[in-house]
Amino acid sequence: MAEGQSPGNIAKKMSYLKAVFNVAVNNSWITVNPFQGLQAPADTDKKKRIPFSNDDINAIFSSAVYRGERPRGGGGDASYWLPLLSLYTGARLEELSQMRRANVVRDENLGWFMEITDIEDGDTVKTESARRRVPMHLELLKFGFLAYIDGLKSSPEGFIFPDMKADTEGYRGGNFSKWFGRYK
């Protein structure tokens with residue numbers, strides 16, 4: 001902690017050391033695991049994310065964006081669709097920001113899905129299990145999401161939100177996140 005490491009990072013490293021020393025104990029190289037029962041300090045500084053209240057949700061979905069405004073800083077149509085997609089799918093911002101037309105698929109038996117993958121160059125998922133098929137909520141269909149996708153002009157990359165530009169670190173959702181945090 002004196003070196004500035006987070007309690008979560010320290011706990012992770014301690015779990016690795018505990019596992020290594022367990023092997024040593026199991027092979028009778030040592031008699032006691034010095035990391036057994038040892039815990040990292042609690043993370044008291046970690047900023048907890050506070051969920052949106054009903055008033056917050058109402059403010060978002062009654063804003064100028066939902067009355068026709070499409071701010072360039074919000075990625076044009078992304079300013080309208082990303083909050084809706086987030087609300088109805090629970091997907092992460094970056095997962096939605098990197099979606100391409102090919103990621104919206106129809107299963108003959110189950111209906112419409114969004115495939116969250118990292119198979120395209122530059123795409124990322126947070127964990128291995130983040131690769132998944134997310135069912136398309138009927139409300140998204142009622143709002144016209146498929147019509148929006150059908151109306152997209154072809155772009156070489158095929159992104160659903162072609163007006164979104166990656167930030168300096170290469171994340172397509174980075175600039176949107178900054179815009180959304182300031183948007184009123």
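Visitor: How many aromatic pairs does a search of the whole structure find?
Guide: The search finds 14 aromatic pairs. Rings of Phe, Tyr and Trp (its six-membered ring) pair if their centres lie within 6.5 Å; planes under 30 degrees apart count as stacked, over 60 as edge-to-face and the rest as tilted. Please note that this is a predicted model, in which local features need pLDDT of at least 70 and side-chain atom pairs count only at pLDDT 80 or more, while totals for chains, interfaces and linings use all residues. Residues are numbered from 1 along each chain as its sequence is written, and side-chain values use heavy atoms, with hydrogens and water left out.

Visitor: What kind of pair do Phe52 and Phe180 form?
Guide: Phe52 and Phe180 form an edge-to-face pair, with 6.4 Å centre to centre and 75° between the planes.

Visitor: And where in the chain are Phe52 and Phe180?
Guide: Phe52 is in the loop between α1 (7-26) and α2 (54-61), and Phe180 is in helix α7 (residues 174-182). The pair links distant parts of the chain, 128 residues apart. Helices (H or I, at least four residues) and strands (E, at least two) are DSSP runs, numbered from the N terminus.

Visitor: Why is the pair of Tyr148 and Phe161 called stacked?
Guide: The ring centres of Tyr148 and Phe161 are 6.1 Å apart and their planes are at 25°, so this pair is stacked. Tyr148 belongs to helix α6 (residues 145-150), whereas Phe161 lies in the loop between α6 and α7.

Visitor: Are those two buried or exposed, Tyr148 and Phe161?
Guide: Both Tyr148 and Phe161 are buried. Buried means under 20% relative accessible area, exposed over 50%, and partly exposed in between (1.4 Å probe, protein chains only). Phe180, at 25% relative accessibility, counts as partly exposed.

Visitor: New topic: what is the strand order in the open sheet?
Guide: The open sheet of three strands has the order β1-β2-β3, with antiparallel pairing. Two strands pair if DSSP finds at least two bridges between them. β1 (104-107) and β3 (132-135) stand at the edges with a single partner strand each, so one side of each has no neighbour in the sheet.

Visitor: How many bridges join β2 to β3?
Guide: Four bridges join strand β2 (residues 111-116) to β3. The bridge partner of Phe113 in β3 is Pro135.

Visitor: Which residue lies over the face of Phe113?
Guide: Arg133 does, at 4.4 Å from the ring centre. A charge sits over a ring if NZ of Lys or CZ of Arg is within 6 Å of the ring centre and within 35 degrees of the ring normal.
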